[in-house]
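Let's walk through a protein model together, one step at a time. Keep the picture in view as you read, and look up each residue when it is named.

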Amino acid sequence: MARNGSSYSYRDFWFALAAVGLIAPLTADAAEWEFEPRITLGQHWTDNIELEPSGEEDSDWVTEVAPGFTADFLSPRVAANVDYQMQLLRYAEDSDDNDV
């Protein structure tokens with residue numbers, strides 16, 4: 001679970017969705033198109049959120065929401081697959097660590 005320096009953002013999500021949208025007009029009569037949305041939810045508790053030395057630990061609850069999708073397109077001329085997942089982390093006590 002990546003906390004800081006995540007490579008995903010809302011802009012990346014919309015870019016991936018737009019890329020899927022650009023493939024759609026290429027469809028022919030014999031083309032196959034499949035779109036599968038998904039979402040993962042999780043709640044985690046840790047007794048050492050910052051990986052501090054013994055005696056300096058801080059505990060916290062972490063909520064994880066990870067929406068994503070898989071899109072497959074197959075035609076006689078084009079085959080494409082897009083798989084995207086964004087991870088949002090929300091910390092109960094230390095909101096400075098919240099991350100997308």
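**A guided walk through the fold**

We start with R38, which counts as partly exposed because its relative accessibility is 28%. Here, buried means under 20% relative accessible area, exposed means over 50%, and partly exposed is what lies in between, with a 1.4 Å probe and protein chains only. Those areas come from the Shrake-Rupley method with a 1.4 Å probe, and for residues only the protein chains shown count as cover.

Before we go on, a word on the model itself. It is a predicted model, in which local features need pLDDT of at least 70 and side-chain atom pairs count only at pLDDT 80 or more, while totals for chains, interfaces and linings use all residues. Residues are numbered from 1 along each chain as its sequence is written, and side-chain values use heavy atoms, leaving out hydrogens and water.

What does R38 pair with? R38 forms a salt bridge with D83, and their closest N and O atoms are 2.6 Å apart. R38 belongs to strand β1 (residues 32-46) and D83 to strand β3 (residues 79-85), so this pair ties together parts that are 45 residues apart in sequence. A salt bridge is a side-chain nitrogen of Lys or Arg within 4 Å of a carboxyl oxygen of Asp or Glu. Searching the whole structure turns up one salt bridge.

Now step back to the overall plan. The protein has one helix and four strands, and from the N terminus on they run α-β-β-β-β. Helices (H or I, at least four residues) and strands (E, at least two) are DSSP runs, numbered from the N terminus.

Next, look inside. Of the 100 residues in the protein, 26% are buried. The largest nonpolar core has seven residues: F13, A16, F69, A71, V82, Y84 and M86. Helix α1 (10-23) and strands β2 (60-74) and β3 each supply at least two residues of this core. A nonpolar core is a set of buried Ala, Val, Leu, Ile, Met, Phe, Trp, Tyr and Cys residues joined through side-chain atoms within 4.5 Å. In soluble globular proteins, nonpolar side chains tend to be buried together.

Some pairs of residues show how the chain folds back on itself. G68 is in strand β2 and counts as buried, because its relative accessibility is 9%. Q85, in strand β3, is partly exposed at 29% relative accessible area. Q85 and A66 are 19 residues apart in sequence and 6.4 Å apart in space, C-alpha to C-alpha.

Finally, visit the loop between β1 and β2, where both L51 and D58 lie. L51 has a positive phi of about 55° although it is not a glycine. Most residues other than glycine have a negative phi. L51 counts as exposed, because its relative accessibility is 75%. D58 is partly exposed, with a relative accessible area of 43%. Which residues gather with D58 in a patch of negative charge? The patch on the surface is made of D47, E52, E56, E57, D58 and E93. Residues in such patches have over 30% relative accessible area and no salt bridge, and like charges are joined within 9 Å.

Conventions: Patches are made of residues with over 30% relative accessible area and no salt bridge: like charges are joined within 9 Å, nonpolar side chains (Val, Leu, Ile, Met, Phe, Trp, Tyr) within 5 Å. Lys and Arg count as positive and Asp and Glu as negative; His and the chain ends are not counted. The place of a charge is taken as NZ of Lys, CZ of Arg, CG of Asp or CD of Glu.
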